[in-house]
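Please look over the model shown here.

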Amino acid sequence: MRRAYADGPFGQIHYQYASASLAEGARPLVLLHQAIMASGQFDHVFAPLIAHGFAPIAIDMPGFGLSDAPPAAPVIADYARCVAPVLDALGIGRAAVAGHHTGALVGTEFALAAPDRVEALVIHGPMILPENERKALTEDICTREIAFAARAGGAHLVDVARIRERLSEGRIAPDRITDYVVQAMQAYRMGAYAYGHSAAFAYDHTAPLQRLALPVLILSNTGDMTHPWAQAARALCPDFAYAEIAGGGIDICDEDPQGWADAVAQFLKSL
């Protein structure tokens, strides 16, 4: 994977891409990460996707990773504006798009805003949830992230590590948990720590899902907190393809990178 920048609506957009695979004519596949992570979320799925004949392009959304932050809290449609500049920089007209959690919402908005640029969409973690659950998650996650601040002795770093360890239930090694903390702190450094989840929980995915007019895969894993939402999206849009991976949590791209890449590749190769 090579690294590069494109000029976007909020400044520079950092991305990683499989340059050799693109040069060999592999199918481009845009990867959109969850909050508060960055393109590094997909570190372990790059190789299996390349082996399947795809050229992954993983974007740091504005305010995350090494991308410049927007001047104010964005909405999901603002994040979607970062995709076309990267495709343009690489000379790519159309690509498949796969998004995870917040990235799934961004992928949806990009597919609606630029249908001529997206050949297929993979949605892992649709936002179809009861209003009381949305309110509770907003009050918990968003309130905590808005209040997040540096503390003496690196206590804030320990807090992030403990949260990620709890969510992974011991399935993610300490060195990778450290990567998660680093990625979260990149967003904090950009002043965008709370932006992603605030935009996600304010987003109503129901109507946008129903407006999609392209091949769509709803992908889930049974241990993910969003798995019930995937079932709701599946019922809402029965014409979409569906696949699920057993177990795992929100870090399925690290827990089962081969399984995740296989599911994405199987769908895209079927088109």
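What percentage of the 271 residues of the protein count as buried? The share is 56%. The model is a predicted one.

## Overall fold

The protein has 13 helices and 8 strands. Its radius of gyration is 17 Å, close to the 18 Å from the globule rule for 271 residues, so the protein is as compact as a globular protein of that length. The C-alpha trace spans about 50 × 40 × 35 Å along the principal axes.

Take the contacts between residues at least 6 apart in sequence: 76% of them join residues at least 24 apart.

## Surface and charge

The accessible surface comes to about 11000 Å². Carbon and sulfur atoms hold 54% of that surface.

The protein carries 19 positive and 29 negative charges.

## Aromatic pairs

The structure holds 6 aromatic pairs. One of them joins Tyr-15 and Tyr-17: the ring centres are 5.6 Å apart and the planes meet at 45°, so the pair is tilted. Tyr-15 counts as buried because its relative accessibility is 3%, under the 20% cut-off. Tyr-17, at 15% relative accessibility, also counts as buried.

Phe-64 and Tyr-79 also pair, with ring centres 6.1 Å apart and planes at 45°, so this pair is tilted. The pair links distant parts of the chain, 15 residues apart. Phe-64 lies in the loop between strand 4 (54-59) and helix 3 (76-80), while Tyr-79 lies in helix 3. Both Phe-64 and Tyr-79 are buried.

Ring pairs also link Phe-148, Tyr-188 and Tyr-193 into a cluster.

Terms used. Residues numbered from 1 in each chain as written. Predicted model: local features only at pLDDT ≥ 70, side-chain atom pairs only at ≥ 80, totals over all residues. Heavy atoms only, no water. Helix = DSSP H or I, 4+ residues; strand = E, 2+ residues; numbered from the N terminus. Rg over C-alpha atoms; globule rule 2.2 N^0.38 Å. Buried < 20%, exposed > 50% of the residue type's maximum accessible area, 1.4 Å probe, protein only. Contact = heavy atoms within 4.5 Å. Areas by Shrake-Rupley, 256 points an atom, 1.4 Å probe, with all protein chains shown as cover. Lys, Arg positive; Asp, Glu negative; His and termini not counted. Charge placed at Lys NZ, Arg CZ, Asp CG, Glu CD. Phe/Tyr/Trp six-rings, centres within 6.5 Å; stacked < 30°, edge-to-face > 60°.
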